[in-house]
Structures are given as C-alpha cells and as structure tokens.
Amino acid sequence: MSRHETIATAATKDIVGIYQPGSTHMVGDGFPVRNLFPSNELDREVSPFLMLDYAGPQYFTPTDHPRGVGEHPHRGFETVTIVYEGILAHRDSAGNAGVIGPGDVQWMTAASGIVHEEFHEKEFARKGGTLHAIQLWVNLPKASKMSAPGYQTILNADIPSIDLEDGAGQLRVIAGSFLGHTGPAHTFTPIQLYDLQLKAGHRGQLSMPSGDNTSIFVLQGRVSVNGSQAAGEAELIVCTRNGSQVSVEAQEDSRLLVMAGEPIEEPIARYGPFVMNTREELVQAAQDYQAGKMGHLS
Ligand code: MN
C-alpha cells in the first residue's frame with residue numbers, strides 16, 4: 001500500500017496485535033532483559049525500530065565491580081537507551097562518554113561503526129539499587145548507514161513534559177513532536193518517541209502520522225488502544241500503518257513508551273551487533289571490526 005493510499009483511509013489506527021515478551025536473558029552481567037522484537041516475528045510492522053529489550057525493574061546488590069557489558073561493536077543503526085531507575089555509564093571509541101539516570105536518554109548513532117561499553121555507573125553499583133531501562137535499536141536508511149558516528153546525551157531536563165487535559169497524565173517528548181512541543185533527539189528519519197504516563201480511568205488522545213508504524217509498550221499498568229483488548233505489563237501493542245488517531249485508555253495508572261516512525265522500506269541483513277542491507281555488508285562489518293577499523297576504547 002502506498003503512502004498516498006493510506007492517507008485516504010479511516011482516521012483511526014487498527015490493532016495488528018498484542019505481543020508478549022520473551023523470557024529473561026542476560027546481556028553481559030548487568031542487563032536482565034526481555035525482548036519484544038525482533039522476536040514475535042515483528043519486522044516490517046515496527047520499522048524503523050529494529051529491537052526492543054526491556055530491562056524490567058530489578059534490584060542489584062552492592063558491588064565494587066560494576067556490572068554491564070564490555071567492549072563490543074555496532075554498525076548500521078542507532079542504540080537508544082532510556083533509563084527509568086538506576087544509573088548507567090557509557091564510553092565509546094569515538095571519544096564519547098556519558099552517565100544517564102532516571103528520565104535521561106542516551107541516543108548513540110553507531111552508523112559506520114563504533115566500539116563501546118555499557119555499565120552500571122560506579123557509585124550506583126557500589127550502593128546497589130534497582131535498574132529499570134529500555135534499549136531500543138533504530139535503523140538507519142541505507143544512505144546514512146556509513147555516516148559518522150554520533151552521540152546525544154538527552155537529560156530529563158531537556159525533555160519537554162506536557163500535562164494532558166483533565167489531569168489525565170503527562171507526556172514527555174523524547175523525539176518528534178506533540179501539540180507543538182518538539183523533542184530534543186536528532187533523528188535521521190521521522191520518529192515520534194514519547195514517555196507517556198496515564199492515570200487510571202483516563203484517556204490519552206494521540207494523533208500519529210498516517211502511513212507510519214506505531215506501537216505502544218506497557219511498562220506499568222494496563223491499557224487498551226482504540227477499544228482493543230487490554231494489554232498489561234511488558235506487553236506491546238502494535239497498530240496498523242493506516243489511520244492516525246490512537247486513543248489510549250488506562251484501566252490502571254500506567255507508564256507507556258509510544259514509538260512511531262516512517263518505515264524504512266529497504267532490505268535488512270542482521271548479524272549480532274551489525275544491521276546492514278546485504279550479507280556482503282555484514283561480512284565487511286565483521287572484517288572491519290576485526291581489523292580495528294571501528295576503533296578501540298582507550
Ligand atoms: Mn551496545
């Protein structure tokens with residue numbers, strides 16, 4: 001279906017499905033995550049998003065040796081880390097480093113290739129505490145996959161927070177815009193990324209671009225979207241591309257991640273930390289990493 005055709009269809013987005021998280025697996029020794037996609041065979045339905053790992057709230061005991069994942073490469077996409085509880089530290093071969101805590105977001109553009117590490121921040125690790133975070137991978141269009149790496153630390157204070165009508169809750173704009181408020185993240189393709197909190201018995205009305213993929217991940221609470229069956233904690237609601245109106249009704253106090261974006265209609269070849277367009281490019285990525293062309297941590 002072309003974008004032209006979708007514009008003429010009904011205003012309300014339908015629901016493709018409600019998806020369950022996979023079982024918990026460890027990324028390094030610091031990130032117990034459940035995957036929502038690309039498991040669940042979600043691919044075209046969530047493009048330009050490639051992966052969603054949910055690190056649900058988990059307590060970590062105090063340690064002098066911060067947990068996490070050591071030096072590893074990425075090429076061809078962006079990693080977006082959203083912290084709800086706990087503190088994380090990042091360092092990469094492009095010379096960027098940052099610490100993010102509750103409400104902060106790290107938007108790392110791997111593009112042509114970086115090597116980085118992701119750990120619990122030292123003091124947080126030493127005191128022990130609860131980590132609650134999401135890592136989202138965002139694809140880059142072919143034309144930008146080999147562009148220079150980048151890094152954006154987006155602090156809580158930089159993210160506009162909008163009070164919804166009738167005390168329904170708050171919406172924080174990480175990327176894209178909502179009611180004239182624009183989020184701070186620079187993106188390569190059009191993306192809307194919202195941290196949405198709704199109070200029980202209230203409704204949030206979103207107008208997403210018609211033709212764009214939209215999905216809603218439930219961190220806490222219980223919601224239904226456009227009259228769908230309710231979705232609860234750690235479940236993902238995926239909407240159709242056509243239509244624009246998304247009405248989110250909260251049965252309980254809820255916290256949601258709303259993800260929308262213009263699909264990137266290009267072939268995807270993925271292998272571990274590399275996401276390119278062809279198998280040959282994956283082989284090249286592995287060779288370039290082995291040859292040290294993505295740099296090293298100093
Ligand atoms: Mn990584």
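Visitor: Which residue in E23 stands opposite Val218?

Guide: Val218 stands opposite Leu256 in E23. The model is predicted, so local features need pLDDT of at least 70 and side-chain atom pairs count only at pLDDT 80 or more, while totals for chains, interfaces and linings use all residues. Residues are numbered from 1 along each chain as its sequence is written, and side-chain values use heavy atoms, with hydrogens and water left out.

The two strands concerned are E19 (residues 213-220) and E23 (residues 254-261), which pair in the antiparallel sense over seven bridges. A strand here is a DSSP run of E with at least two residues, numbered from the N terminus, and two strands pair if DSSP finds at least two bridges between them.

E19 and E23 belong to an open, antiparallel sheet of seven strands, in the order E1-E21-E19-E23-E17-E14-E13. Its edges are E1 (15-19) and E13; each has a single partner strand, so one side of each lacks a neighbour in the sheet. From one strand to the next, the twist averages 20°, with axes fitted as lines to C-alpha atoms and angles running from 0 to 180 degrees between N-to-C directions.

Asp163 counts as exposed because its relative accessibility is 60%; the classes are buried under 20%, exposed over 50% and partly exposed in between, using a 1.4 Å probe and protein chains only. Leaving aside residues up to four places away in sequence, Asp163 touches Gly169 and Gln170, where contact means heavy atoms within 4.5 Å. The side chains of Asp163 and Gln170 are also joined by a polar contact of 3.3 Å. Such a contact is a pair of N or O atoms within 3.5 Å; within protein, one must be able to donate a hydrogen and the other to accept it, and residues adjacent in sequence count only if both atoms are side-chain atoms. Between C-alpha atoms, Asp163 and Phe31 are 32 Å apart in space and 132 residues apart in sequence.

Ser228 sits in the loop between E20 (223-225) and E21 (236-239). With 16% relative accessibility, Ser228 counts as buried. Beyond residues up to four places away in sequence, Ser228 touches Ile15 and Ile18.

A further open sheet has four strands in the order E5-E10-E7-E8, again with antiparallel pairing. Its neighbouring strands are turned by 15° against each other on average, direction ignored. Within this sheet, E5 and E10 (residues 114-120) pair over five bridges, and Pro73 stands opposite Val115 in E10.
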